[in-house]
Amino acid sequence: MPNARENPHEYPRRILIAVTGLSPQIVTETLYALAVAPTASPFIPTEIHLISTRSGAEKARLALLSEEPGWFHRLSRDYALPPIHFSSDTIHVLEDVNGKPLEDIRSPEDNRRAADGITGIIREFTADPDCALHVSIAGGRKTMGFFLGYALSLYGRPQDKLSHVLVSEPFEASLGFYYPTPASHVLEMPGGRLVDSAQAQITLAELPFVSLRHGLPEALLTGRASYNETVEAARHALAPAELQIDLEARRVRAAGKIFALPPAELALLSVFARRALRGEAPLPAPAKELADADWKKRYLVELRWIAGPMKDLDETERALRKGMDGEYFSAHLSKLKKILRRELVPAAEPYLISDGGSRPRRYSLGLRPAAVSYDTFQAPQQIGATISNILPGA
């Protein structure tokens with residue numbers, strides 16, 4: 001399958017992405033390093049995409065895509081590169097809050113717009129399993145390079161790479177240098193010094209990055225979200241697990257997300273959350289075909305807090321008339337796990353009820369006491385007393 005490939009050059013769609021300011025040379029320098037002088041397998045892009053401001057995009061178009069000097073076309077001819085889709089349509093101009101092209105990135109609002117724009121482009125490309133990205137952060141303003149690198153860290157996959165290109169002295173200071181030419185090409189440096197671009201050396205420094213993609217909710221991978229929203233989701237996914245339960249509203253907060261649970265599943269979660277809060281030992285499940293009266297009492301205490309004093313629980317009490325058996329327990333535990341995994345995706349693991357992994361199975365919620373809380377309106381001391389009265393030693 002395409003997404004199982006490990007080597008970026010094996011993907012049918014290969015995209016070079018760079019941010020540029022007023023130095024569009026970064027494109028030809030990086031392309032040369034990837035396609036002409038690689039240290040390993042060449043990565044020859046099928047597409048090149050630039051992200052820039054209005055003035056940066058115009059300079060890139062004139063310097064790289066014009067008939068003269070047309071440095072991108074020159075490089076392609078000099079080294080007989082295969083066709084690469086690179087045109088005005090693949091130069092992405094960042095926009096301000098009114099949808100107008102950004103002239104520069106100077107204000108906090110400009111930075112926010114740049115971050116959102118860059119994040120959206122990376123999210124869109126990484127949604128395609130048939131493509132591999134090579135992202136260069138060598139050009140543009142420092143904040144643009146930071147946002148591009150961080151966006152790849154948020155959304156990047158194993159086949160995606162991040163790099164910075166290094167140009168040997170004195171060519172990095174020359175506005176007329178675009179790539180090492182195959183034949184002699186003399187450039188005049190500031191101060192009148194003459195140098196031959198054929199002697200230049202370009203090195204691609206690959207930058208390792210930590211992919212946070214699998215900690216993001218599916219909605220952020222496929223929908224539209226701001227840079228700040230995406231970063232916040234990643235922070236919650238990586239933060240220590242904390243569970244807050246609101247029995248009256250029938251909802252929980254976990255991994256930074258608030259969502260509802262059906263009463264039956266919420267009651268089961270609350271049984272184990274209460275024990276985790278009090279640092280109590282794991283519990284065995286009810287026997288498969290034997291009704292357990294103690295489990296019935298534990299469960300109904302929580303369910304009554306969820307239903308409220310005026311709600312009729314006759315149907316549930318009839319189902320548990322003799323006690324809770326293993327089938328009832330397993331059915332609701334399975335549904336609870338399914339909901340938690342759907343809502344929290346990879347971040348669900350710390351919130352799942354564990355069976356201990358060995359026999360005899362003993363179930364618990366593996367959160368530290370400080371990580372579990374109930375809303376203050378529930379009067380925790382009163383609840384604890386109620387539980388103790390109904391089920392001593394629960």
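The tour below says what to select and what is there.

**Before you start**

This is a predicted model: local features need pLDDT of at least 70, side-chain atom pairs count only at pLDDT 80 or more, and totals for chains, interfaces and linings use all residues. Residues are numbered from 1 along each chain as its sequence is written, and side-chain values use heavy atoms, with hydrogens and water left out.

Helices (H or I, at least four residues) and strands (E, at least two) are DSSP runs, numbered from the N terminus.

**Stop 1**

Select residues 54-65, helix 2, and residues 71-78, helix 3. Their axes come within 5 Å and cross at roughly 35°. Axes here are lines fitted to C-alpha atoms, for helices over the stretch in contact; angles run from 0 to 180 degrees between N-to-C directions. Show the side chains of Ala63, Leu64 and Leu65 on helix 2, then Trp71, Phe72 and His73 on helix 3: they make the contact. Contact means heavy atoms within 4.5 Å. By class, this contact has five nonpolar, one polar and no charged residues. The classes are these: Ala, Val, Leu, Ile, Met, Phe, Trp, Tyr, Cys and Pro are nonpolar; Asp, Glu, Lys and Arg are charged; the others, Gly among them, are polar.

The crossing is right-handed, that is, the near helix is turned clockwise from the far one by less than a right angle. Thr28, Leu31 and Tyr32 of helix 1 meet Trp71, Phe72 and Leu75 of helix 3. This contact divides into five nonpolar, one polar and no charged residues.

**Stop 2: backbone details**

Select Pro69, in the loop between helix 2 and helix 3. What kind of peptide bond joins Glu68 and Pro69? It is cis, with omega about 10°.

Move to Ala80, in the loop between helix 3 and strand 3 (91-93). Its phi is near 50°, a positive value in a residue other than glycine.

Then jump to Pro360, in the loop between strand 12 (353-354) and strand 13 (364-365). The peptide bond from Arg359 to Pro360 is cis, with omega near -5°.

**Stop 3: Asp128**

Select Asp128, in the loop between helix 4 (108-126) and strand 4 (131-136). Which residues does Asp128 contact, leaving aside its neighbours within four places in sequence? They are Arg13 and Arg157. A polar contact of 3.0 Å joins the side chains of Asp128 and Arg13. A polar contact is a pair of N or O atoms within 3.5 Å; within protein, one must be able to donate a hydrogen and the other to accept it, and residues adjacent in sequence count only if both atoms are side-chain atoms.

**Stop 4**

Select the open sheet of four strands, in the order 11-10-9-14, with mixed pairing. Strands pair if DSSP finds at least two bridges between them. Strand 11 (257-260) and strand 14 (372-374) are the edges, each pairing on one side only. Neighbouring strands are turned by 20° against each other on average, direction ignored.

Zoom in on strand 10 (residues 251-254): four bridges join it to strand 11, and the two run antiparallel. Arg251 stands opposite Ala260, and Ala254 opposite Lys257.
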